[in-house]
Amino acid sequence: MEDQVLLGFIAIAMGVAFGILLFVPFVAVSYRRRGRLGLGRTLFWLSALIYFWAIWTYTLLPLPDPDTIRCVGAITDPMSVVRDVQKAFAAPGNPLRQPALLQLVFNVLLFVPLGFFVRVLAGRGIVTALAAGLGLSLLVETTQLTGVWGVYPCAYRFFDVGDLMTNTLGAVVGCTVALLVPRSLRGAKASPDADLPRPVTRGRRVIAMLCDFLAYGFLSMAAGVTVQVWLEFVARDRAAVLDGTLASAAATIAPSGLFLMLILIGGRSVGDIAVQLRYAGSRMPAPFARLLRWAGGIGGISALQLPGGFFGFAAAVLFLAAVVLPFTTRSGRGLPGVLSGQQLVDARADAVVPPVVPAP
């Protein structure tokens, strides 16, 4: 039981990790295909990621010690499923207590979510669900048959044709159950109103900030790791690797510089682009307004920390302001909007926005 709980936690952790990694492109696609980020579909996609990892954790893990495995063969008789059901009902007592029948039921239930996601997320029907169930089940069974593709000298779990049948049945059942989901939440087609401007809400601005934070974090990590790898294997400067100063500087300069270029050229940060927002209405020249926008965002605030000392304190104050202002300013325009004198509008709107007049 403890092993099953651990495998569940592994699946959830991996699903959430990949969800964070894919969050920014997911948000961008959602705003372009549906005009918004829906909570329902977001949860469905996160559930699909967790389910994907659950399939592999529950069918392959825990990996055994190669010295303790017992080689097994393959069960290729499709009628073995029928015989297992007959034996379960012929045995005295409750047939659901029979291990063979419980295994069949579990195999069906394991693939019900796959069929559900095929209809809800992909907008496909029974035939696609059947093919997906058979294909994924065959991949899992083949992985087991080949000893995880040669990692082990032989198969330590049975390749079972009966599992192919019950898994595929589960996918078909799940696809049928998904008909209960409202049609508006099903399918991958773009919404007809996806290109229409929508109100700029604080929630939308917070999502943009989260996208900026994640994009900056991934770029920072990539820059730092790249510098460390170069120092270790190209420059062969072990002292610099252990010191970490160059990697730390690169982890700040590279993403801050990329954000600066993106905002100066296009006027929008990664998060603005993802959620279809833009700033407009400033009385000052556009390049200067954009520079101030960058200074009030994560790129500028992070760059301010480089000199240290007073600048590090100032960066901390600005970061606090950046967190608070989206909840207190008009439409959540936040610190970038306050510094540049601009306000947020939907990027799909063509109307000219008048400049923000400071309150007396």
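Helices here are DSSP runs of H or I with at least four residues, strands are E runs of at least two, and both are numbered from the N terminus. The model is a predicted one, in which local features need pLDDT of at least 70 and side-chain atom pairs count only at pLDDT 80 or more, while totals for chains, interfaces and linings use all residues. Residues are numbered from 1 along each chain as its sequence is written, and side-chain values use heavy atoms, with hydrogens and water left out.

Back to Val85: its relative accessible area is 29%, which makes the residue partly exposed (buried is under 20%, exposed is over 50%, partly exposed falls in between, with a 1.4 Å probe and protein chains only). Not counting residues up to four places away in sequence, Val85 touches Leu101 and Leu104, where contact means heavy atoms within 4.5 Å. Val229 is another matter: Val85 and Val229 are 144 residues apart in sequence and 57 Å apart in space, C-alpha to C-alpha.

As for the chain as a whole, 16 helices and 4 strands make it up. Its radius of gyration comes to 27 Å, well over the 21 Å that the globule rule gives for 360 residues, so the chain is more spread out than a compact globule. That radius is taken over C-alpha atoms, and the rule is 2.2 Å times the number of residues to the power 0.38. The C-alpha trace spans about 85 × 55 × 30 Å along the principal axes. Of the 360 residues, 41% count as buried. Take the contacts between residues at least 6 apart in sequence, and 73% of them join residues at least 24 apart.

Next come the cores. A nonpolar core is a set of buried Ala, Val, Leu, Ile, Met, Phe, Trp, Tyr and Cys residues joined through side-chain atoms within 4.5 Å. The largest one has 22 residues, and Phe23, Val27, Ile207, Cys211 and Val275 have the most contacts inside it. At least two residues of this core come from each of helix H2 (23-33), helix H9 (202-233), helix H11 (245-266), helix H12 (270-274) and strand S3 (277-280). H9 provides the largest share, 6 residues. Val27 shows how the pieces meet: leaving aside neighbours within four places in sequence, this residue is in contact with Leu37, Ile207, Cys211, Ala274 and Val275. Apart from this core lies another, of 21 residues, with Leu110, Phe111, Phe117 and Val181 among them.

The loop between H11 and H12 holds both Arg268 and Ser269. Ser269 is buried, at a relative accessible area of 2%, whereas Arg268 is partly exposed at 22%. Beyond four places in sequence, Ser269 contacts Asp212, Phe259, Leu262, Ile263 and Arg293.

Helices H6 (residues 126-145) and H8 (residues 161-177) pack at an angle of about 145°, with their axes 8 Å apart. Axes are lines fitted to C-alpha atoms, for helices over the stretch in contact, and angles run from 0 to 180 degrees between N-to-C directions. The contact involves Ile126, Ala129, Leu130, Gly133, Leu134, Ser137, Leu138 and Glu141 of H6, and Asp163, Leu164, Asn167, Thr168, Ala171, Val172, Cys175 and Thr176 of H8. These residues divide into 9 nonpolar, 5 polar and 2 charged (Ala, Val, Leu, Ile, Met, Phe, Trp, Tyr, Cys and Pro count as nonpolar, Asp, Glu, Lys and Arg as charged, and the others, Gly among them, as polar).

Helix H7 (residues 147-150) includes Val148 and also Trp149. Phi of Val148 is near 55°, a positive value in a residue other than glycine, and Trp149, not a glycine either, has a positive phi of about 55°. Burial separates the pair: Val148 is buried at 17% relative accessible area, while Trp149 counts as exposed at 53%. Phe310, in helix H15 (residues 310-324), also counts as exposed, with 62% relative accessibility.
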